[in-house]
Amino acid sequence: MRKHAIRLLAAGLALCGSAALAAGAPAADAVRQAARQHFQPIPTAETVIKERNISADSLELGRWLFFEPRLSRSHIISCNSCHSVGTGGADNIQTSIGHGWQHGPRNSPTVLNALFNEAQFWDGRAADLKEQAKGPVQASVEMNNTPAQVEETLKSLPEYVALFQKAYPDDPDPVNFENMAHAIEAFESTLVTPHSKFDQFLNGADSLDTVELKGLELFMDKGCVACHRGVNVGGQGYFPFGVVKKPGADILPPDDKGRFTVTHTASDEYVFRAGPLRNIALTAPYFHSGDVWSLEQAVAIMGTSQLGQELDDAEVKAITRFLHTLTGEQPQVIYPTLPPSTAATPRPQK
């Protein structure tokens with residue numbers, strides 16, 4: 001009899017707890033309607049290819065070039081070295097390692113869904129993916145190469161010459177630095193991650209659980225959406241890091257003044273492009289400094305520095321749970337078998 005009473009009491013408490021949770025849970029349809037004012041689903045790669053009229057030949061050439069280490073002076077570093085499609089489109093270290101084992105100044109942004117960013121790099125110095133593709137190849141701290149040597153290398157490989165001729169048949173001298181960047185842009189444009197739980201929710205499915213739904217509601221109500229909105233849940237504007245309170249020097253290095261290095265405008269000091277949050281759970285560490293490894297800690301820091309709010313543990317956990325729903329289907333890319341070097345191929349240099 002006593003055991004039966006205990007079971008009844010436990011059942012009653014469970015029902016009360018469920019009722020309380022339901023009472024505090026946001027209504028999915030109302031949250032969905034609000035979310036649709038701020039966010040759009042990620043399109044499929046097929047949709048991007050059709051909308052941007054990307055040719056199969058330029059896409060295939062771009063796939064080879066993305067994985068081609070001979071674009072670097074050392075023949076060691078490829079685009080995929082710092083933007084690995086197998087690890088969320090980033091390299092998952094504090095700052096990337098480049099030519100001569102130098103450490104770059106900033107954390108590597110993900111290449112996945114980068115097409116949807118307003119501009120590329122943390123400071124927005126590249127207007128699009130084509131312009132972005134040229135930068136690391138020439139940067140001394142990254143691939144440390146020159147357009148002339150890149151062209152010489154590619155022209156020394158008959159397989160590449162044939163691919164460039166197919167991709168750019170109207171160009172009398174198709175193996176050139178501009179076409180290299182264009183082909184990489186074509187490939188990177190297809191590195192999209194559709195069908196996340198959040199996208200399914202936007203499209204009408206009940207794909208978010210109670211905590212994830214609450215996290216989305218908090219994300220909008222607390223003001224995160226002011227900077228992180230659109231298709232990529234960010235990447236669409238420039239904002240000071242520390243609108244309300246600047247983080248410590250470990251998170252906001254004083255020597256890196258962000259967009260100021262591009263515009264040389266005093267008001268752009270410590271201003272950075274809002275980080276896109278798609279697949280954010282896969283791309284630790286966080287911020288341009290790469291000094292924060294916990295997504296929950298990053299959420300808490302954003303609450304303090306950008307919103308002026310001390311988010312409590314439940315709010316931080318709920319928002320973090322929502323951010324996990326932004327992980328979409330990862331691109332399935334076949335690593336190409338690259339052509340061997342020839343006698344005419346420039347040798348690797350230290």
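Looked up Val299 first: it counts as buried, because its relative accessibility is 9% (buried is under 20% relative accessible area, exposed over 50%, partly exposed in between, with a 1.4 Å probe and protein chains only). Val299 sits in helix α13, residues 295–307 (helices are DSSP runs of H or I with at least four residues, strands are runs of E with at least two, both numbered from the N terminus).

Ground rules, for the record: this is a predicted model, where local features need pLDDT of at least 70, side-chain atom pairs count only at pLDDT 80 or more, and totals for chains, interfaces and linings use all residues. Residues are numbered from 1 along each chain as its sequence is written, and side-chain values use heavy atoms, with hydrogens and water left out.

Next I asked what Val299 touches, leaving out residues up to four places away in sequence. I got Leu311, Val316, Ile319, Thr320 and Leu323, with contact meaning heavy atoms within 4.5 Å. I also checked Val299 against His75: they are 224 residues apart along the chain, and their C-alpha atoms are separated by 39 Å.

On to the pockets. My grid is 1 Å over the protein atoms alone; a pocket is an open set of points with protein on both sides within 12 Å along at least five of seven lines, a cavity is a set where a 1.4 Å probe fits but cannot get out, and lining residues have an atom within 4 Å of a point. Points are joined across faces, edges and corners, and a volume is the space filled by probe spheres set on them.

The largest pocket comes out at about 730 Å³. It has 38 lining residues, and His228, Gly275, Leu277, Phe287 and Met302 lie nearest its centre. Which element gives the most to this lining? It is α13, with 7 residues. I sorted the lining into 27 nonpolar, 10 polar and 1 charged (nonpolar is Ala, Val, Leu, Ile, Met, Phe, Trp, Tyr, Cys and Pro; charged is Asp, Glu, Lys and Arg; the others, Gly among them, are polar).

The second largest pocket is about 500 Å³. Its lining runs to 26 residues, with Arg106, Phe121, Arg125, Pro136 and Glu142 nearest the centre. By class I have 13 nonpolar, 8 polar and 5 charged.

Last, cavities: I count 1 of 30 Å³ or more. The largest cavity has a volume of about 110 Å³, and its lining includes His83, Phe121 and Arg273.
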